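Dear colleague,

I am passing on the structure below, together with some notes on its geometry. Please read them with the coordinates open beside you.

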Amino acid sequence: MAFQIPFKFPGSASEAGIAERSRPSKMMDYDQPLVWVTLILMLFGMVMVYSASIALPDSPKFAHLLGRHEYFLYRQAGFIAVSIAAAFLVFRIPVAVLQKLAPMMFVATLVLLMLVLVPGIGVSVNGARRWLSLKVFNLQPSEMMKIVAVLYAADFTVRKQQYMHKLTKGFMPMAFAIGVVGLLLLLEPDLGAFGVIVCIAMGILFLGGFNMIWFGGIGAILVVIFTSIIALSPFRRARMFAYLDPWQEDNALDKAYQLTHSLIAFGRGEIAGVGLGNSVEKLHYLPEAHTDFILAVIGEELGLIGVLVTLAMFYWLVKRAFDIGRQAIALDQFFAGLAAKGIGIWVGVQTFINMGVNLGLLPTKGLTLPLMSYGGSGVVINCVGLAILLRIDYENRVLMRGGRL
């Protein structure tokens, strides 16, 4: 009886493997969770801006609004729309192009910071000259400098990688550039923005391999510099003393007025809050409730739960930025990796300072909560920064699929 042995072509196994690999990848083209968390933070912020600002038209300062209680809501919605459009345009710019433009953008933003100080051009609000009037809204160059500083520091670190262990060539040029920015910001004055930009630059230099001994020494010098700035400035010194003892009667009615009412707001909110829209502190007790102290309104109306949810979303955002940066560096995209981590440092440091001020952990400083506080420049620049982060992640995915940039 004859048996037939089935014949198998030698290449059939490899052909099956090729067919398997030729199937379309299930990897998404972009990071959907990053987009959704960003949108949720902005929309949540818009709701809280409306809640925090609804009583403002009743005060003499905003009497020109003539009872338009939805004014800040509509403005914030407009800012979000412009931010999304700007983010969409920036997302289409390759990271390599951003790297080439970084030095020119740095110089251009420096010019804008100078124009802010020119009488008749710069707009003064509450004694600070930080804005340029564009008729529709005021542009704040210090906000632009934050994302530009990320790109410039990342580009500098990549270009000067061989000098990162040398003080003169690896640190001094960056120190000079940031020093010029700091001088202009202190003339506005805007110590908070200067602090964030210094953290961005130092963080990227550290991640780029700057000498640890020099890094520690320079960090100590920066602490001395910031301490001296506070000590030599009467109003900053008074604010620091008020922060140390906010409930002392004179402080509570003057320099610590915002802090004490912010703490009262958190105390009223307890675990679950008094309910959306039911804040008392926003009724002309807590100044700047819709901008710098929006977290206090969240704490009062939504309680500890609302604050922890907000904190968790920002934590995820910062962690995701570092994950994207780590992946880019693994793919030999060093500028992209440092820029992504720099964006994470920026968002993380500014969020920490804003929340720390609201909770009384840090001295009162005028820094907004990213994506959530009222303001055109802040929201637009935050979205532009996250669009760059999304672009870096997109290019990572292209490279991991075997594509070319």
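P189 is found in the loop that runs between α7 (172-187) and α8, where helices (H or I, at least four residues) are DSSP runs numbered from the N terminus. The peptide bond that joins E188 and P189 is cis, with an omega of about -5°. Please bear in mind that this is a predicted model, in which local features need pLDDT of at least 70 and side-chain atom pairs count only at pLDDT 80 or more, while totals for chains, interfaces and linings use all residues. Residues are numbered from 1 along each chain as its sequence is written, and side-chain values use heavy atoms, with hydrogens and water left out.

Two residues have backbone angles that deserve a look, since most residues other than glycine have a negative phi. E288, which is not a glycine, has a positive phi of about 55°, and it lies in the loop between α12 (257-269) and α13 (294-330). Its relative accessible area of 26% makes E288 partly exposed (buried means under 20%, exposed over 50% and partly exposed in between, with a 1.4 Å probe and protein chains only). D332, likewise not a glycine, has a positive phi of about 65°; D332 is placed in the loop between α13 and α14 and counts as exposed, at 55% relative accessibility.

Turning to helix packing, the axes of helix α8 (residues 191-207) and helix α14 (residues 334-358) come within 9 Å and cross at roughly 140°, the axes being lines fitted to C-alpha atoms over the stretch in contact, with angles from 0 to 180 degrees between N-to-C directions. On the α8 side the contact (heavy atoms within 4.5 Å) is made by V196, C199, I200, G203, I204 and L207, and on the α14 side by L338, K341, G342, I345, W346, V349, Q350 and I353. Sorted by class, this contact of α8 with α14 has 10 nonpolar, three polar and one charged residues, where Ala, Val, Leu, Ile, Met, Phe, Trp, Tyr, Cys and Pro count as nonpolar, Asp, Glu, Lys and Arg as charged, and the others, Gly among them, as polar.

Elsewhere, T109 lies in helix α4 (residues 95-116) and is buried, with a relative accessible area of 2%. Apart from its neighbours within four places in sequence, T109 is in contact with P141, M144, M145 and V148.

Finally, the structure holds six aromatic pairs (rings of Phe, Tyr and Trp, the last by its six-membered ring, pair if their centres lie within 6.5 Å; planes under 30 degrees apart count as stacked, over 60 as edge-to-face and the rest as tilted). One of them joins Y71 and F72 edge-to-face, at 5.1 Å centre to centre and 90° between the planes. The rings of F72 and Y374 also form an edge-to-face pair, because their centres are 5.1 Å apart and their planes stand at 80°. Since F72 belongs to helix α3 (residues 71-91) and Y374 to the loop between α14 and α15 (376-400), this pair ties together parts that are 302 residues apart in sequence. F72 is buried at 4% relative accessibility, and Y374 is buried with a relative accessible area of 14%. Y71, F72, F79 and Y374 form one aromatic cluster.

Key: Helix = DSSP H or I, 4+ residues; strand = E, 2+ residues; numbered from the N terminus.
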